[in-house]
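Subject: Structure for your review

Dear colleague,

Please find below the structure that I am handing over to you. My notes on what was found in it follow directly after.

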Amino acid sequence: MWSSRYTVEDCRVVAISTLKKQEIFYDGAYGIISWGTTPYQNQAELIIKLGTNGYIRFRYGIGCDEDRVIFDYSIHLTTTSCYFGGVRYWFMCNCGKRVGAVYLPPNARYFACRHCYGLTYNSRSVNRRSSFYSFIKLFNGDEKAEKLREEITRPYYRGLPTKKLRRLYKLDQENAAYINLLTTREGL
Ligand SMILES: [Zn+2]
């Protein structure tokens with residue numbers, strides 16, 4: 001079991017919502033995602049394949065010079081349908097969990113979900129005005145929305161949206177607002 005002394009802010013993160021906002025989330029997309037300013041140590045190449053059997057292929061190196069090891073593997077994608085139409089993509093982590101983001105903690109080698117690494121959000125230490133605060137709100141909100149989406153067996157009653165569906169609408173709207181907030185700020 002991985003020690004849970006790390007929080008999500010210690011990690012490199014690949015989030016589907018961020019890729020979407022950067023407009024590199026489409027079938028056949030190729031992009032380089034980077035964290036911080038040191039080249040090689042802090043970047044990964046991503047190749048995105050959508051549709052049935054969709055995946056994101058990760059390619060990155062860890063270590064310097066002769067100790068450098070190249071990692072090249074894929075994480076499968078899965079979809080859920082949106083009440084607003086279309087589908088929503090998720091990572092299918094090796095542990096079987098459907099997640100919006102995967103993390104690479106310091107000294108780890110593979111991206112996996114925050115449950116796999118036992119990561120917590122260090123939200124108390126985070127300034128509410130920082131972009132990271134929005135990031136935490138977004139992922140908490142996303143998880144809540146996803147749980148609710150699974151619970152809804154009857155979205156409408158007598159032609160009107162049920163209480164749970166209305167709550168889901170509200171959560172989705174809040175999450176969308178946080179995504180907008182994130183993209184207007186630097187540092188993610
Ligand atoms: Zn996992």
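In total, the protein has three helices and ten strands. Of its 188 residues, 22% are buried. Among contacts with a separation of 6 or more, 39% join residues 24 or more positions apart.

Confidence

The mean pLDDT of the protein is 80, and 77% of the residues score at least 70. Strand 4 has the highest confidence, at a mean of 94, while helix 2 (residues 131–151) has the lowest, at 70. Where pLDDT is low, the predicted coordinates should not be read in detail.

Six strands form an open sheet in the order 2-3-4-5-6-7, and their pairing is antiparallel. The edges are taken by strand 2 (29–34) and strand 7; each has a single partner strand, so one side of each lacks a neighbour in the sheet.

Strand 3 (residues 43–49) pairs with strand 4 in the antiparallel sense over five bridges. Within this pair, Glu45 stands opposite Arg59 in strand 4. The two strands form a hairpin with five residues between them, and Gly51 in the turn has a positive phi of about 85°.

Strand 4 also pairs with strand 5 (residues 69–81), again in the antiparallel sense, over eight bridges. Two of the bridge partners in strand 5 may be of use to you: Ile75 is the partner of Ile56, and Tyr73 is the partner of Phe58. This hairpin has six residues between its strands, and Gly63 takes a positive phi near 95° there.

The nonpolar core

The largest nonpolar core comprises 25 residues, and those with the most contacts inside it are Val102, Tyr103, Phe111 and Ala112. Two or more residues each are given to this core by strand 1 (12–15), helix 1 (16–21), strand 4 (55–62), strand 6 and strand 8 (101–104). Strand 8 supplies the largest share, four residues.

Which residues does Phe111 touch, not counting those up to four places away in sequence? They are Val14, Phe58, Ile75, Val102, Tyr103 and Leu104.

Loop residues

Most residues other than glycine have a negative phi, and most peptide bonds are trans. Two residues may be noted against that background.

Glu23, in the loop between helix 1 and strand 2, has a positive phi of about 60° although it is not a glycine. Glu23 counts as exposed because 9 other C-beta atoms lie within 10 Å, and the cut-off for an exposed residue is 12 or fewer.

Asn107, in the loop between strand 8 and helix 2, is likewise a residue other than glycine with a positive phi, near 70°. Is Asn107 buried or exposed? Asn107 is exposed, because its count of other C-beta atoms within 10 Å is 8.

Lastly, Gly96 lies in the loop between strand 6 (87–92) and strand 7 (98–99). Gly96 has 8 other C-beta atoms within 10 Å and is therefore exposed. Between Gly96 and Cys113 the separation is 17 residues in sequence and 9.8 Å in space, C-alpha to C-alpha.

With kind regards

Note on methods: Residues are numbered from 1 along each chain as its sequence is written. This is a predicted model: local features need pLDDT of at least 70, side-chain atom pairs count only at pLDDT 80 or more; totals for chains, interfaces and linings use all residues. A residue is buried if 20 or more other C-beta atoms lie within 10 Å of its own, exposed if 12 or fewer, and partly exposed in between; C-beta atoms are placed from the backbone. A nonpolar core is a set of buried Ala, Val, Leu, Ile, Met, Phe, Trp, Tyr and Cys residues joined through C-beta atoms within 7 Å. Two residues are in contact if their C-beta atoms, placed from the backbone, lie within 7 Å. pLDDT is the predictor's confidence in each residue, from 0 to 100. Two strands pair if DSSP finds at least two bridges between them.
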